[in-house]
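Here's a quick briefing on the model you have open.

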Amino acid sequence: MPGAGKELSWLAGSENEKDRDMRIAVVGVGGVGGVIGARLALSGAQVSFVARGEHGRVLAERGLCVELKGETLRTLPLQVSSLEECQGPFDVVLVCVKQG
């Protein structure tokens, strides 16, 4: 995310409590969804990660660790569910999956 520092200014710097209460779902927790979701979660957003099978189980157990140019982002615990188990409503849904 070019220009995004350690915090997302619209969220972390907001004085409006409603911004921090946004419910965000990240569908696809790979290279793109993992980085964006980790930054959002570390900035205080309520992030739900949607992942399948073994990947989802490992994320739920171990959390998410993203390494970027010498910076390590860790989020634990995570709210992880399958698409079928995902509980909405959400204010924002990010779909970060490969074209299949």
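**The chain at a glance**

Of the chain's 100 residues, 36% count as buried. Keep in mind that this is a predicted model. Four helices and six strands make up the secondary structure, and along the sequence they come in the pattern α-α-β-α-β-α-β-β-β-β.

**Overall numbers**

- The chain exposes about 6,700 Å², and 51% of that comes from carbon and sulfur atoms.
- Take the contacts between residues at least 6 apart in sequence: 63% of them join residues at least 24 apart.

- Four of the strands form an open sheet, in the order 5-2-1-6, with parallel pairing.
- Strand 5 (79-81) and strand 6 (92-95) are the edge strands; each has a single partner strand, so one side of each has no neighbour in the sheet.
- On average, neighbouring strands here are turned by 20° against each other, ignoring direction.
- Strand 1 (residues 23-27) and strand 2 (residues 46-50) run parallel and are joined by five bridges.
- Within that pair, V26 sits opposite F49 of strand 2.
- Helix 3 (residues 31-42) packs on the sheet and touches strand 1, strand 2 and strand 6. The direction of helix 3 makes about 155° with that of strand 2.

**A closer look at S48**

- S48 belongs to strand 2.
- Is S48 buried or exposed? Its relative accessibility is 4%, so S48 counts as buried, the cut-off for that being under 20%.
- The S48 side chain makes a polar contact with the side chain of Q79, at 3.3 Å.
- Setting aside neighbours within four places in sequence, S48 is in contact with R23, I24, A25, V26, Q79 and F90.

**Cysteines**

- For reference, a disulfide is a covalent bond between the sulfur atoms of two cysteines.
- C65 has 36% relative accessibility, so C65 counts as partly exposed.
- C96 comes in at 19%, which means that C96 counts as buried, under the 20% cut-off.

Conventions. Residues are numbered from 1 along each chain as its sequence is written. This is a predicted model: local features need pLDDT of at least 70, side-chain atom pairs count only at pLDDT 80 or more; totals for chains, interfaces and linings use all residues. Side-chain values use heavy atoms; hydrogens and water are left out. Helices (H or I, at least four residues) and strands (E, at least two) are DSSP runs, numbered from the N terminus. Buried means under 20% relative accessible area, exposed over 50%, partly exposed in between (1.4 Å probe, protein chains only). Contact means heavy atoms within 4.5 Å. Accessible areas come from the Shrake-Rupley method with a 1.4 Å probe; for residues, only the protein chains shown count as cover. Two strands pair if DSSP finds at least two bridges between them. Axes are lines fitted to C-alpha atoms, for helices over the stretch in contact, and angles run from 0 to 180 degrees between N-to-C directions. A polar contact is a pair of N or O atoms within 3.5 Å; within protein, one must be able to donate a hydrogen and the other to accept it, and residues adjacent in sequence count only if both atoms are side-chain atoms.
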